[in-house]
Structures are given as structure tokens and as C-alpha cells.
Amino acid sequence: MNTVVDRSKDIGEFVPQPDDDMLICRCEEITKGEIRKAVHDGMWTLTEIRRYLRTGMGLCQGQTCSRLVKGIVARELGVSPAELEPATSRSPMRPVEMKVFGSEA
Amino acid sequence: MERIAEHPILGAKEKGREVSFTFDGKQLKGFEDEPIAIALKANGVMIHRYTKKEHKPRGIFCAIGRCTDCVMVVDGKPNVRTCVTPLKEGMDIRTQDGVEAAEIKEGEGA
Amino acid sequence: MEAKNSADVIVIGAGIIGCAISYYLRKRGKNVIVLEGSDNIGNGGSSRNGGGVRQSGRDPRELPLAMYGIKNLWPGLSEELGVNCEYHKEGNLRLGKTPEHLKILQGLTDRAVACGLDVKMIDAAEVKKINPHLSDEVIGASWCPTDGHANPLVTTLAFYKKAREMGVRFITGEKVERLRKVKGRLREVYTKDNVYEGEYVVVAAGYESRDILATVGVDVPMHKELVECLVTEAEPHMFNQMLGTAEADFYGHQSDHGSFVFGGMSGLELNNKNTGPKNSPSNAAITAPCICRGIMKYFPALEDAKIVRTWAGYLDICQDGVPVLGFVDEVPGLVVACAFSGHGFGIGPAVGEQMAMLICEGKTSVDISGLQYGRFKAKI
Amino acid sequence: MKRYEVIIVGAGPSGLSAAIEAAKRGLKVVVFDENEKPGGQLFKQIHKFFGSKEHHAKIRGFKIGEELLQEADALGVEVILNATVVGLYPDKEVNVKIGDQIHHYKGDTVIIATGASENMVTFPGWTLPGVIGAGAAQTMMNLHGIQPGKKILMLGSGNVGLVVSFQLLQAGCEVVAIVDALPRVGGYGVHASKVARCGVPFYLSHTIKEVQGKDKVTGVTIHQIDERFMPIAGTEKHFEVDTVCMAVGLSPMSQLLKMAGCAMEDNPKRGGQVPLVNEYGETSVSGIFAAGDVSGIEEASSAMIEGKMAGVCVAEYLGYIDEDTKMTELKAFEKDLDSLRQGMFAPKNRGKKIEKTDEGIDISTNLLEKGYVADDEIERFPGVTHKKGVHPVIECTQNIPCNPCQDACPKKCISTGDNITYLPFVKDDVECINCGMCVASCSGQAIFLVDEDCGDGTATVTLPYEFLPLPQEGDKGYGLSRKGEKICEATVVSVKSVKAFDHTNLLTMRVPKEYAMKARFFKKAEV
């Protein structure tokens with residue numbers, strides 16, 4: 001992407017919503033409210049949200065929640081979800097035991 | 001939940017041999033090499049684990065090894081994806097609490 | 001030149017160093033603009049390191065910064081920034097399995113003790129007492145009880161969050177192309193579409209600093225190496241120490257979350273090629289398996305822990321292995337803070353505070369004289 | 001390091017098709033799949049596929065999987081199962097977890113055919129045991145032979161929601177409702193109709209308000225929503241269920257491609273993050289191809305053709321065929337693909353509200369809003385005509401690329417005209433011999449054989465029946481309307497099950513003649 005973004009741009013105040021306690025990241029148990037709050041703390045990219053809250057950093061590595069988180073962050077920032085760059089994909093695609101990962105054929 | 005004895009399109013399902021395993025200390029039966037989660041479901045087990053932060057119950061969600069919600073402690077190892085791990089004779093399967101095996105309540109178990 | 005693009009200080013780079021400098025400058029009342037070339041805050045080594053907050057094993061030239069930070073800044077950091085940085089001050093074990101290892105550790109320990117650090121050599125039994133999960137093959141270690149670790153991802157973002165709240169302007173995706181001296185003093189910073197102006201310009205952009213500094217004729221002799229880290233699933237709590245080995249097979253800790261974060265190398269780092277996208281260096285297929293083998297040599301109990309993710313990051317390695325910090329006499333207005341050589345996170349807060357002090361008061365309270373630009377000379 | 005000419009990741013419809021085409025042209029091919037069984041989602045698809053003969057139409061999904069496997073096997077393709085690809089690197093190195101080891105392989109070319117993963121939506125209670133993905137339901141009942149639940153609510157009326165609802169009924173479960181936030185049924189009308197006539201109600205413009213239960217699902221409450229998707233107070237409906245199933249769309253599983261450094265885009269029309277590919281599936285990294293759902297969500301039949309195209313491309317890439325041959329073959333596949341991408345549900349029409357068929361007939365609004373065609377709408381479609389004696393009544397009301405019916409009739413009495421998506425009609429001049437082949441061949445179960453007046457005040461209706469226990473001749477019960485309501489008494493005249501019908505039994509029931517055009521399903525009276 002690499003577009004210039006001034007992080008002091010006004011995105012409005014954090015306004016509590018009735019479904020803020022809805023769990024979004026099932027693995028790390030992060031709620032919608034925590035994600036929305038993080039956006040107001042300045043975490044404007046999916047990578048920053050992930051590093052700040054651990055969304056998508058659990059066992060499933062965001063297989064279930066990444067699309068949901070993207071939608072929430074986009075709405076909070078008032079942009080289209082397509083404008084948000086998803087977090088990097090990294091090996092291993094599935095959890096692998098250390099003894100297996102370390103045993104190369 | 002019930003196993004489907006005869007399916008209108010697929011007919012009768014071929015099963016492996018019947019094996020015994022323990023769930024939180026209780027003796028249960030299932031078929032060899034079917035996913036652990038299926039054997040548990042056939043025995044009416046819905047709760048596979050309790051989450052770490054909120055202590056909320058979780059069970060099968062995706063059934064194909066992606067979501068990792070169905071993980072349990074199997075033969076002492078935590079975080080085993082039961083929906084894609086084949087059942088074997090004598091397996092020790094325990095409800096997971098956070099990242100450890102849940103304590104078996106008084107009066108339960110063998 | 002629009003006024004909105006000027007500030008007291010322009011900081012280039014929003015890693016732990018840039019974020020911390022901007023925070024401590026703002027605390028001293030300065031107006032600051034931080035320019036980040038990538039889309040993310042903390043995109044370089046700041047978010048890719050193993051989280052060590054160590055004094056032991058450090059070069060005497062940077063050790064005072066490490067000791068200062070651990071004494072004065074780290075303990076209250078979470079409270080000060082309003083975010084839990086997961087700081088643990090529960091010691092660092094540097095492990096050895098052979099007499100040669102112990103010799104290496106002894107050397108490091110002797111040098112640190114000479115600088116006044118509380119670090120000592122301990123035997124196998126003492127190691128076991130501190131961490132019972134280690135392999136029986138460990139015959140000794142150096143032990144620094146005041147070392148520790150923190151969460152680098154969160155700490156970097158916590159500095160950013162607090163600084164932003166206090167009015168520091170962060171601009172991401174704003175890659176700096178050149179610096180410009182105006183009437184004898186470095187004042188202007190050019191990006192593709194904008195010009196920023198400040199009384200001081202801080203260059204804290206990791207390896208990228210080299211190209212930026214070159215535009216005003218300053219060169220920091222450094223190279224970059226692509227190294228990797230990995231993280232496991234959450235496991236039951238086992239230990240709180242930071243770990244490393246004499247041979248640098250791996251380093252790491254168990255996080256509050258329960259996952260183990262370990263870093264290491266394959267040995268091919270000098271020539272690892274990065275084929276990943278611009279802002280996210282790619283992993284090499286052979287590195288993470290090598291780190292796993294390194295860990296299991298010391299930690300057989302972790303062989304069943306599942307790796308959920310690996311990642312890569314650049315070290316900005318200075319010719320002599322310690323950072324370049326402070327003013328550059330020949331270019332007034334320029335402050336350099338780069339070439340941290342893979343151990344910048346732990347001293348990040350101290351560097352931030354001292355650089356702010358340098359800019360505001362003209363001098364630091366910690367001796368950084370051994371880290372100045374201009375120290376590099378030919379060998380004969 | 002071991003090197004293959006082609007490494008294919010994913011042994012689903014596109015991966016196997018690619019393997020077959022590449023192997024046919026002489027390449028040494030290996031296919032890795034993380035599952036215990038190959039075939040991808042095909043092995044969970046127990047319904048007959050749409051399309052034309054060339055596209056495996058009227059063959060059940062799992063049978064297509066078996067056919068592909070046999071063909072791949074005969075060509076010497078190496079299919080390695082329980083092999084999880086954990087990493088893909090830009091120099092086309094593939095890291096695979098097999099057993100207790102990580103294997104490093106190099107591919108001269110790599111085809112990624114990893115398919116898609118399910119999307120989820122949130123509502124209070126969505127993490128409770130008993131809330132599952134539709135894919136999970138399919139896996140449980142069709143692969144492992146176990147009911148996902150007893151009483152189930154389905155969220156999502158796209159093809160997956162509809163097909164899985166029908167499969168749930170076949171597995172002996174009760175589907176209490178199909179719910180969708182959109183105001184129209186998302187999937188094929190024929191899929192909706194076969195569920196509706198079994199009595200499953202549709203709630204469009206509804207969402208789940210909450211799922212109840214402490215340790216597991218015990219109930220669910222839905223409510224209606226307005227055009228802005230805001231709930232309308234007082235519209236709550238409660239169902240006692242033990243399972244809530246989500247079928248709310250798929251996303252390409254493209255992480256490996258991103259990891260390999262392929263240029264990606266976020267394309268809502270293709271279902272999410274997809275690699276930028278040329279028309280034949282080559283990504284921005286030379287020699288890495290993407291085929292099937294991973295490069296855009298479509299039907300399995302399209303995925304197979306995309307796979308074939310990738311197979312041909314790698315053959316040319318490695319010099320087994322020349323550029324001209326490649327282009328000739330690709331053009332032919334492109335034509336096939338194009339024919340599948342026609343009709344109301346074509347990718348280009350996604351999200352559009354279509355009001356008329358290609359023939360200019362108004363689409364049934366009841367079908368879109370309730371899942372079945374109303375009695376007063378059905379007569380306007382060309383397949384619904386009246387004749388003396390037994391004749392086919394084709395309740396096919398939307399343009400979809402499918403034509404097995406016209407080949408099924410030995411007398412050639414059915415035609416879809418010159419376009420595969422046109423609505424089929426019955427030729428006037430040909431006599432129906434009551435063989436039932438059309439009924440069994442229709443993948444949408446939309447063809448009935450009706451004798452509107454048997455002369456004694458009754459009529460007979462022959463319908464496709466894929467449930468157990470199978471009713472017997474003489475059984476008494478009810479004729480159900482297209483909506484699934486009991487509308488008349490009915491007696492089973494015959495139940496035909498022959499091999500050519502492929503498990504679609506033909507049940508003929510006798511009903512009062514005024515119900516000849518209304519009764520479309522049979523329910524046995526409870527004793």
C-alpha cells in the first residue's frame with residue numbers, strides 16, 4: 001500500500017456500542033470493543049492491531065477472525081475493508097511440534 | 001448425537017474396529033482411526049475445552065483442523081486438534097482448561 | 001513551506017527508538033513529527049526481536065545505558081505509558097554445555113563485573129534450581145538476576161500510543177528521500193511529496209538510516225543480516241528468565257501469554273536473501289528448523305510445543321557491534337541513533353530518554369562517549 | 001533437495017484436474033494434501049452436480065472425486081496425503097510436513113489449489129458448542145457418518161446453506177429454519193425448492209439475535225431486520241435447537257501465495273484476498289500458478305477447468321508442448337469456463353437483483369423471498385405445460401448452466417434450446433414414455449412426471465425421493481405443497497429404484513386430481 005497517513009487525523013471519539021463485549025478473536029478472546037478501542041489508541045493497521053492485542057496470533061493464526069477484525073477496523077476508520085492490508089502470512093501454515101519442525105528430510 | 005446407520009446416498013458407513021478410550025477418566029467406546037471429536041460426539045460430549053481468559057466452553061466449530069477450537073489434552077499433550085486426530089485404543093482424552101487438563105471433579109472418572 | 005510540516009524535532013523512523021525519543025521529547029515540551037517509511041509503527045527490528053532486556057553480555061560502551069534503563073525506566077514503564085509492556089526482571093541465564101562454552105561465558109562475565117554489573121558464573125546445580133526444565137547437559141551458566149524481558153511489540157506501540165496522545169504527530173508511509181542543510185544547519189527532511197522542517201533531525205531508521213545519512217555525507221559503517229524468530233502455542237507457565245547460550249544457538253523467553261518466543265540463526269545470515277515484500281522480510285526455509293534444534297539441545301521438554309508462527313527481521317549491525325548515538329559535530333542539528341546491532345530493544349527507553357535530554361539540555365546523564373559517530377578508524 | 005516438475009498443493013477438484021492435464025502431457029507430478037482423503041470438498045458433496053455432460057453434470061460430487069482420483073492414479077500422479085504444506089518460498093521451495101518430519105521439495109513449477117475457508121459472522125452465543133460451520137456439518141455427516149445435531153437452524157441461504165440443509169434432512173436431522181440477512185434467497189432456486197417442499201421455512205431479512213445455552217446450544221432467537229440491517233423490534237422468533245449452522249460465504253485460502261511473495265489484491269467479487277493472476281492462473285511469481293477457489297470463489301465445475309488450464313500452462317512452461325498447442329487448448333477450456341459462467345448466478349451478476357429470465361419471464365418473487373414458487377407463478381415457466389397422460393413438468397425457473405435433462409430423455413422430449421442456461425421446455429410432438437430418466441437426472445430435483453387426470457378423479461405425481469426409510473407401495477400419507485404443507489391425502493403407487501437413477505428413487509403418489517399441479521412431495525402418515 002504505502003500511502004501517507006497522518007496518525008493525528010481526527011477519527012472521532014471512541015463511542016461505546018452495545019455489542020462491544022462480542023468476542024471476535026476466538027483463540028485469544030479479544031472483543032469487538034477492545035479492537036475498536038485500539039483503533040482510537042492509534043492502531044490503524046491490521047498489523048498494529050494484531051501486535052497490540054494479539055488478535056489472530058493464537059493457535060489458528062487468524063483463520064477465523066481476520067476477516068471480522070478487518071471489517072471492524074475499517075468501519076472505525078471510515079475506510080473500505082479492501083484498503084486495509086492483511087497481516088503477513090508466515091510459515092508454518094498449521095501448528096507444528098518443535099521436534100517435527102526441527103527434523104528435516 | 002446419533003451415528004447415521006444407513007444413509008440414503010452413502011449407504012452404511014464402513015467403520016474401523018471398536019476401541020476403548022477414556023474421557024476425563026470415564027471409559028468410552030469409539031471406532032479406530034475416526035477423529036477423536038467424532039467418537040466424543042457419538043458419546044454425547046459437546047464441551048472440549050474451557051478458554052483461558054473467560055473460562056467459556058468450546059467444542060467442534062470447523063471440524064477440519066483450521067479453527068483449533070476443539071483442542072483437548074490427549075495422552076498428556078495439550079492443544080491437540082481432536083477433529084483431525086485419529087482415535088486409538090486406550091487414548092487418554094481430557095477436557096482442556098486454558099492450556100492444561102481440567103481437573104476431574106469429585107465422583108467422576110474411573 | 002507550510003507551517004504544518006514544521007516542528008521542534010523531526011524524528012525519522014517509528015521503531016522503539018524513534019517512538020521512545022519522540023515520547024521523551026514531548027514530555028520535555030517539544031513539538032515532534034515522526035516520519036515512518038513503512039505503513040506500520042514498529043515495523044523493523046522493534047517488532048521482530050526476542051524481547052530481551054539485558055545488561056549481561058553487552059559491550060562496556062553500551063552497558064551503562066542498559067544498566068540505567070533497567071534501574072530507572074523499565075520498572076515503571078507500563079504504568080507510565082498506560083499499557084502493560086509485560087516487563088519481567090527475573091534474570092538472564094546464558095547457558096553452557098562444554099568447558100569452551102564456560103570459557104566464553106567467563107570472559108563476558110569478567111568484563112561486565114568490571115563495569116559494576118551484578119553477574120556471576122553458576123554451576124549446573126544452581127542452574128537447575130533457577131530453571132528445572134533445562135537439559136541435564138547444561139554444566140554451567142552466567143547469571144544476571146537483574147536482567148529480564150518484555151513484550152517488544154507492545155512496548156513499541158505503547159510509546160507510540162502515549163506520544164501520540166500527548167500530541168506527537170506520526171506520519172506513516174512517508175519515506176524519507178533526503179536531508180538538507182540550510183544555512184549551515186540540518187533543517188529539512190524531504191519525502192516524495194513533502195518537506196518537513198525542524199531545529200533538530202533525529203535519524204533512527206535502522207539500516208535505512210545509512211542511505212538517509214548519506215544525503216548529508218555521513219556514513220555509519222554497518223551491514224544488515226536477516227535473522228528469524230518463532231513463537232509457540234501457549235503452554236503452561238514454566239519459567240520467567242530470559243535465556244541465551246554461549247554459542248548463541250538460540251535466545252528467548254516464555255511470555256505472559258504462555259507462548260515461548262525464541263530467536264536464532266542458521267549461520268547463513270550474512271548472505272540470506274530477502275525475497276519478501278518491501279515492508280515484511282521473508283523467512284528462509286532452513287532457519288526456523290535450525291532454531292528448533294538449537295532450543296531442543298537445551299530444552300528437551302519443549303519438543304512437543306507447537307510452533308504457530310515464524311518471522312524474519314533485519315539486524316542493523318555496526319562494524320564494531322555497538323550503536324552510533326548522539327550529535328554529529330560536522331552536521332549541526334543532526335542526531336543519530338542507529339546501528340543497534342540486534343540489541344537495541346532493551347536499551348530503547350534509555351536511548352529515548354538520553355537523546356531527548358541531549359537535544360533539550362545539550363548533554364546526557366549517562367556516558368555515551370564510546371558510541372559517537374566518528375569513532376571508526378582504519379586498523380593501521 | 002528432491003525436485004519435481006510440478007508440485008500441486010491441494011488434491012481437490014482443481015488440484016487433481018491440473019495434475020491430470022500435466023501428467024497427460026508427460027510431466028512428473030506430485031500432489032500434496034493435508035487431509036486423510038483426497039478430493040477436497042468433493043467428498044462432502046453428495047448431490048448431483050449441475051452443468052453439461054462434459055462437466056460431470058448429474059454425477060454426485062463424491063463420485064466426481066473418485067473419477068478424478070482414478071484418472072490421476074492411472075496417469076502415475078503421485079498423491080501424497082496427510083501432507084501439510086507449511087511453507088512456500090519464492091524460489092518455489094515447498095516445505096511439507098509428512099509424519100514427524102519436514103520435507104523440503106523444489107518445484108520447477110508450483111500450482112496452488114488450496115481452495116477456500118468458511119466465513120463466520122458473530123452474534124451473542126456464537127462461541128458456544130453447537131454453533132458450527134456448514135462445512136463442519138458436512139464433514140460430520142458425509143465423511144464420518146454422524147448427525148451434527150437433532151434440531152438445526154441454518155444461517156445462510158446461499159448454495160452451501162441450501163445444499164447442506166438438504167443433506168441434514170437426508171441425514172435424518174430436523175432443519176427448523178433457513179435464515180438470511182439478505183432479502184432474497186442467495187442460492188439456486190431449485191436447491192431452495194427441494195428444501196422448502198420438505199417443510200423447512202425460510203426467513204429472509206432476518207438475523208440471529210442470540211443463541212441461548214450455558215454449556216451448549218439450547219435455543220436460538222432470530223429477528224427481522226430493515227434495509228439498513230437494523231433489527232425491527234417485536235419481530236423475534238424463538239426456536240429450540242441444539243445446533244446452529246453457519247453458511248455465510250467462503251474466502252480464498254491464499255496465505256501460501258502471499259507467503260511466496262505473489263502480488264495479491266483484495267477483491268470482494270472473488271471473495272477476498274486473491275493473487276493477481278492472468279486469465280490462465282499464473283501469478284506474479286513466474287512458474288507459480290493458482291487454480292480454483294484460491295483465486296476466486298466459484299463452483300467446483302469451474303475450479304476443475306481452471307485446474308486443467310494450469311496443468312496445460314505448466315506443460316508449456318517446461319517445454320512439453322509448444323506455445324501454439326497451449327493456446328489452442330486454453331482457448332477450448334476458456335470456452336468451457338465461459339459457458340459455466342453464464343446465467344443468473346454468473347460471477348458477473350453477483351449482488352445484482354435479476355427480475356426477468358433470459359426469456360423475458362418474471363422471476364418468481366415467492367422463490368426469492370420464501371424458497372418456493374407459488375402456485376399462481378409456476379404456470380408461466382416454459383417447462384410447465386399440460387397434456388393428456390403422463391408428461392414431464394419441469395419446474396426450472398432460473399437461468400443456470402445445466403442441461404442433463406435434455407440428454408436424459410430417450411425420446412428427446414426435453415430441450416434447453418441453443419443455450420445451456422435457457423429454461424428447458426417439453427416438446428409438443430414427442431410422446432413421454434414415463435421412464436423417469438428426466439426426474440432422476442435433474443440435479444435440481446425440479447422435474448416431476450404428472451398424469452393430471454387418471455379418469456377416476458385422481459392424478460399421479462412422480463417425484464424424486466432421496467430419504468430413508470423409503471416409503472412402500474400402498475403407504476398412505478399426505479401430498480405436500482411446494483411450501484411443504486400437507487394439502488391432500490396421498491397414496492404411494494410405486495417406488496422405483498434402479499441403478500441408472502443413482503440413488504434418486506422415483507416415488508409415484510396418487511392424489512386428488514385438483515392437486516396434480518400442487519402436490520410436490522410425499523409424507524407418510526404417522527402411525
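In chain D of this predicted model, residue D:I152 stands opposite D:V175 in strand β10(D). Strand β9 (residues 151-155) of chain D and strand β10 (residues 174-180) of chain D pair in the parallel sense over 5 bridges, where two strands are said to pair if DSSP finds at least two bridges between them, and where strands (E, at least two residues) and helices (H or I, at least four) are DSSP runs numbered from the N terminus. These two strands belong to an open sheet of 5 strands in chain D, which has the order β8-β15-β9-β10-β11 with parallel pairing. Because β8 (131-133) and β11 (202-204) of chain D stand at the edges with a single partner strand each, one side of each is left without a neighbour in the sheet. From one strand to the next, the twist averages 20°.

Two helices of chain D pack on this sheet. Helix α3 (residues 134-143) of chain D touches β8 and β15 (243-246) of chain D, and its direction makes about 85° with that of β8(D), while helix α4 (residues 159-170) of chain D touches β9, β10 and β15 of chain D and makes about 170° with the direction of β10(D). Such angles run from 0 to 180 degrees between N-to-C directions, and axes are lines fitted to C-alpha atoms, for helices over the stretch in contact; two residues are in contact if their C-beta atoms, placed from the backbone, lie within 7 Å.

Residues are numbered from 1 along each chain as its sequence is written, and chains are lettered from A and ligands numbered from 1 in the order in which they are written. In this predicted model, local features need pLDDT of at least 70 and side-chain atom pairs count only at pLDDT 80 or more, whereas totals for chains, interfaces and linings use all residues.

Chain A meets chain D through a contact that takes 22 residues from chain A and 26 residues from chain D. On the side of chain A that touches chain D, β2 (23-25), α3 (66-77) and α4 (98-101) of chain A each supply at least two residues. By class, this side of chain A has 12 nonpolar, 5 polar and 5 charged residues, where Ala, Val, Leu, Ile, Met, Phe, Trp, Tyr, Cys and Pro count as nonpolar, Asp, Glu, Lys and Arg as charged, and the others, Gly among them, as polar.

Chain A also meets chain C, with 36 residues of chain C in contact with 32 residues of chain A. The side of chain C that touches chain A divides into 17 nonpolar, 8 polar and 11 charged residues. Between these chains, 2 bridges join strand β1 (residues 5-6) of chain A to β8(C), and the two strands run antiparallel, with A:D6 opposite C:I171 in β8(C).

Within chain A, helix α1 (residues 32-40) and helix α2 (residues 46-53) pack at an angle of about 115°, with their axes 10 Å apart. Their contact is made by A:E34, A:I35 and A:A38 of α1(A) and by A:I49, A:Y52 and A:L53 of α2(A), and by class it has 5 nonpolar, no polar and 1 charged residues.

In chain B, residue B:K88 lies in the loop between β6 (77-81) and β7 (92-94). Leaving aside its neighbours within four places in sequence, B:K88 is in contact with B:V19 and B:E32.
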